[in-house]
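Please consult the sequence and the structure shown here while reading.

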Amino acid sequence: MKLSNIFAVGLCAALGGATLGLTVTALAQSSMPNACPVDGCVVKIAGVAKAGTELAVTFDANFMPDLSKNHIHIWWGESYTVEQVSNNAEPTYGVKQGDWHPTDAYPAYTTQSAVSIGARNGAHTLCVTAADRNHDILDAKAYHCVDVRDHL
C-alpha cells in the first residue's frame, strides 16, 4: 500500500472512518499534477444543476487546474468558438477574441462573469477547454460542450 493510502486510511480511522471516500478523493485530487499527460489536458462537464440564479457545474479533468498554470476556460457555445476563447485567438487562429471565464475551481464551479446566466444572451450550451498560464487554449480540438437549457 502506498504511503499516501496508509496516511488516508489512518486519518480516516482517526476521524471515525465515516469520511474515507471523501478523504481519499481529496488526497487524490491534491496529488494530481497540473502538467498535461502525454495525450494532452482534457476537461469535460460531468454535471450541471441549478444553483439559485446561476448554474453549478461539475468538471472532470485529467489535470489539477491552477490559474497561474494550466486551467479551464468556460464559455457560452452559441456565442464563441473554441478558438475565440483564448488570448491567442487573433494571432494563431485569425479570429476575433471572445469572452470566457478562466477558472481553477475544481471539481465544483458556479457560473459567473462572462458565463453568468445573465450574460448568456439566449445561449444554452456551456463549453470548456484547457488553457495555459497565458490564457492560450492548449488544443482547439479538445473541448466539451453540454446543452444546459433544462437547467435555465
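The model is predicted: local features need pLDDT of at least 70, side-chain atom pairs count only at pLDDT 80 or more, and totals for chains, interfaces and linings use all residues. Residues are numbered from 1 along each chain as its sequence is written, and side-chain values use heavy atoms, with hydrogens and water left out.

**Disulfides overall**

- A disulfide is a covalent bond between the sulfur atoms of two cysteines.
- Here a disulfide is assigned to a pair of cysteine sulfur atoms within 2.5 Å, and the count under this rule is 2.
- With the bonded cysteines numbered in sequence order, the pairing reads 1-2, 3-4.

**The link of C36 and C41**

- The sulfur atoms of C36 and C41 lie 1.9 Å apart, and the two residues form a disulfide.
- This link is left-handed, with -100° about the S-S bond.
- C36 has a relative accessible area of 31% and is partly exposed, whereas C41 is buried at 7%; buried means under 20% relative accessible area, exposed over 50%, and partly exposed in between, using a 1.4 Å probe and protein chains only.

**The link of C127 and C145**

- C127 and C145 form the other disulfide, with 2.1 Å between their sulfur atoms.
- The link of C127 and C145 is right-handed, with 110° about the S-S bond.
- C127 is buried, at 2% relative accessibility, while C145 is partly exposed, at 31%.

- S116 is located in the loop between β5 (108–110) and β6.
- The relative accessibility of S116 is 15%, and the residue counts as buried.
- Leaving aside residues up to four places away in sequence, S116 touches E54, W76 and T111, where contact means heavy atoms within 4.5 Å.
- The side chains of S116 and E54 make a polar contact at 2.7 Å; such a contact is a pair of N or O atoms within 3.5 Å, where, within protein, one must be able to donate a hydrogen and the other to accept it, and residues adjacent in sequence count only if both atoms are side-chain atoms.
- S116 and H101 are 15 residues apart along the chain, and their C-alpha atoms are separated by 9.3 Å.

Note on methods:
Helices (H or I, at least four residues) and strands (E, at least two) are DSSP runs, numbered from the N terminus.
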